[in-house]
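What follows is a short briefing for a reader who is meeting this structure for the first time. Please look over the sequence and the model before turning to the points below.

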Amino acid sequence: MRALVIRRLFYMVPTMFAISLVAFLVIQLPPGNYLTTYIAELSARGQSVDQTQIRALEERYGLDEPIFVQYLRWIGGIVLHGDFGQSFQYQRDVSDLIWDRVGISVALALATIVVSWGLAIPIGIYSAVRQHSVGDYVFTFIGFIGLATPNFMLALLFVWIAFAYFGESVGGIVSPEFADSAWNLGKILDVVSNLWAPVLIIGTAGTAVLIRVLRANLLDELRKPYVVTARAKGLPEWRVIVKYPVRMAMSPFISTIGWVLPTIVGGEVMVSIVLSLETTGPLLLQALRNQDMYLAGAFILVLGVLTLVGTLISDLLLAWWDPRIRHAQAEEV
Amino acid sequence: MATGTDQDVLLEVRDLRTRFRTDHGEVPAVNGVDLTLRRGRTLCVVGESGCGKSVTARSILQLVEPPGRITGGRVLLHPDPDAGGADAGDGHASATASPAFTESVDLAALSPKGKEIRRVRGRDISMIFQEPMASLSLVHRVGNQIGEAIRVHNPVSKKEARRLSVALLGQVGIPSPERLVDSYPFQLSGGMRQRVMIAMALSCEPRLLIADEPTTALDVTTQAQILDLLADLQKRRGMGMMFITHDMGVVAEIADDVAVMYLGNVVERGTVDDVFHAPKHPYTRALLESIPRMGGARRDRLPAIRGTVPDPAKRPTGCVFRDRCDSAMPGLCDTVDPPPIDVGGGRQVRCLLYGGAEGRGPDDQVGGTGDDADPTPRTGKEAADVDAN
């Protein structure tokens, strides 16, 4: 097992390098750069732009240098000093801008996983064990509605209902009074109390998918001979089901942990914009539109690394969960 | 002996009926099966695929899954006449938690998910299956799966259960059981897996072991070893065994009694010597003739039973074997459903050649049309012919 962990950590190095390269290239792909956007903005407002001023800015940000030099300077700063560069737009260090947002995004993702698993697992088991029962149909119906309704639509509905019926203006995970304070217990409690609505809204579609997946997997497993063996031992029915087929049906769940994070981060952009949540999504979108390249690059890189870490965690969990995978991988080493 | 009132009778299956609900109506998989299982004896249930032998076995323990369900008949489990005394055997059954019951129980009347049937499963009657790979959980250690079977019925600690598991693995001939108790089934060979299944089934010292084609998925050498092991364990423990197979060679090797099944019915039952040396039902005769023999003339074609088994959803009226039968009597076999006929020596045959068409009306007989024919002289003559064979 330890060999497996070490090997997987070792594999992560070249992958991270590739991700950083791709992240940098992707933000360079659109024609122009921050300055061209900036100039376009200025001239749209009727201001003239001085050529020498542009040259000075280009030099200051190193935009006149070849791409690979820019890349090396960027990645060198990150690896050696933890310096992600400057945001053109905010005129601040990127590091100052992103970490709070990444933290909130990860917290939101984890909370969404916990809530959607907590709902999906019992419902999925019930739906499979009582297939074709009234409850199964009710959950299937609700699940399909949850699946078919776009999350931002739910978010809009939520905002409207909260405002129209409860007079509450919804928005933000961190309440204004805590916005600038350092992290303390009060702020954490505040975040938790504001988190439930976005978690439910973002989690609906995922929960519906998980219910369907678990139900389908479990229906396959319930027919397997080892379930009959367990019954023939004289075990109570619930123990038979929880110990054997559910265990087998859960494996795909565990392997999804790795990509739950990026889907949530990507999927919640619109929800976050509607609910004005301080997550990575809206800021990333804005940075991309303004060609604020170091800010966007930092986000993409950090999300890529988080995905890698998520995949590693899910692979290790899966090896722990299923001895067949553990042994197959141990033989490979 | 045939009446089933003697002390050695463990389990009696009487007129058992199990049906499966399908889109085309109810399909009877088991259609009035009678079986008697005795202590210390092995009953082989033989028949082609789909004849209902596995469903019969599962019905005994209420393990038939929906859309199947038991629709009629009784499965009487009799109490152990010397309960308590037989426990000295391997030392651990003395810890049995729930006391043995004292009256006969009709297992077919119990709820499939209830406590009563669960007490019987694994403790009084246990079962081993065809595919040891699929029948064991691949993600739980061998010791865990055996220990669990012990702990369901006996109040022992995990440590004690593990010790007993190691002992059981040793008894079923697994080398270095202390090491293998911690392995996973996917690390074992097919034969070893089946030994694990057997150890698990024997863990609570059952009085009856139901083996559902336990050697079919194994290669011939392993098959022979597992058969020897089962025969040996059965003899040493004095338990009854119901052995399901389609392999007549296996029957000859381990059976004391035989029940031949065809399309949900037991068509003939008796001791292995009687059935093999003087088969009465035309189906049994045809089955035995179709076994290849060593040293037989090579150019002779192996006799095969003509036709195919009818679709259980469209059971023909009368005798279900009549279309494939060389001795079928037109006007009689297609109208009268043959009842089980006692032919002496504890044998039973479901064939009109031996009687049963004398205007008797079994409850499921089609319209009683058999009364039109006058079967008596003819049946007698045919029966005499059969006996002369």
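Chain B is divided into domain 1 (9-267) and domain 2 (297-388), with bounds that come from an automatic or database domain assignment. This is a predicted model, in which local features need pLDDT of at least 70 and side-chain atom pairs count only at pLDDT 80 or more, while totals for chains, interfaces and linings use all residues. Residues are numbered from 1 along each chain as its sequence is written, and chains are lettered from A and ligands numbered from 1 in the order in which they are written.

**The two domains of chain B**

- Domain 1 (9-267) and domain 2 (297-388) of chain B meet in a contact that takes 13 residues from domain 1 and ten residues from domain 2, where two residues are in contact if their C-beta atoms, placed from the backbone, lie within 7 Å.
- On the side of domain 1 of chain B that touches domain 2 of chain B, the elements giving two or more residues are β2 (25-38) and β10 (265-271) of chain B; helices (H or I, at least four residues) and strands (E, at least two) are DSSP runs, numbered from the N terminus.
- β2(B) gives the most to that side of domain 1 of chain B, with five residues.
- By class, that side of domain 1 of chain B has six nonpolar, five polar and two charged residues, where Ala, Val, Leu, Ile, Met, Phe, Trp, Tyr, Cys and Pro count as nonpolar, Asp, Glu, Lys and Arg as charged, and the others, Gly among them, as polar.

**Sheets and strands of chain B**

- An open sheet of four strands in chain B has the order β2-β1-β4-β5, with antiparallel pairing; two strands pair if DSSP finds at least two bridges between them.
- β2 and β5 (105-106) of chain B stand at the edges of this sheet, each with a single partner strand, so one side of each is left without a neighbour in the sheet.
- β4 (residues 68-77) and β5 of chain B pair in the antiparallel sense over two bridges, and B:Leu77 stands opposite B:Val105 in β5(B).
- Strand β7 (residues 208-212) of chain B has five of its five residues buried, a residue being buried if 20 or more other C-beta atoms lie within 10 Å of its own, exposed if 12 or fewer, and partly exposed in between, with C-beta atoms placed from the backbone.
- Both faces of β7(B) are covered, with B:Leu208, B:Ile210 and B:Asp212 on one side and B:Leu209 and B:Ala211 on the other.
- β7(B) runs parallel to β6(B), to which four bridges join it, and B:Leu208 is the bridge partner of B:Ile125.
- β7(B) also pairs in the parallel sense with strand β8 (residues 240-245) of chain B, over five bridges, and here B:Asp212 stands opposite B:Ile244.

**Helix α5 of chain B**

- The 14 residues of helix α5 (residues 158-171) of chain B should span 20 Å at 1.5 Å a residue, and the end C-alpha atoms are 20 Å apart, which agrees; the expected span is 1.5 Å times one less than the number of residues.
- The buried residues of α5(B) are B:Ala161, B:Arg162, B:Leu164, B:Ser165, B:Val166, B:Leu168 and B:Leu169, and what covers them includes α4, α6 (177-180) and α7 (190-202) of chain B.
- Just after α5(B), B:Gly173 takes a positive phi of about 80 degrees.

**Chain A and its domains**

- Chain A has 16 helices and two strands, and buried residues make up 32% of its 333 residues.
- Chain A is divided into domain 1 (2-93) and domain 2 (97-332), whose centres, taken over C-alpha atoms, are separated by 32 Å.
- In chain A, 26 residues of domain 1 are in contact with 21 residues of domain 2, and α1(A) gives the most to the domain 1 side, with twelve residues.

**Where the chains meet**

- 24 residues of chain B are in contact with 18 residues of chain A.
- The largest share of the chain B side, four residues, comes from α4(B), and by class that side has twelve nonpolar, five polar and seven charged residues.
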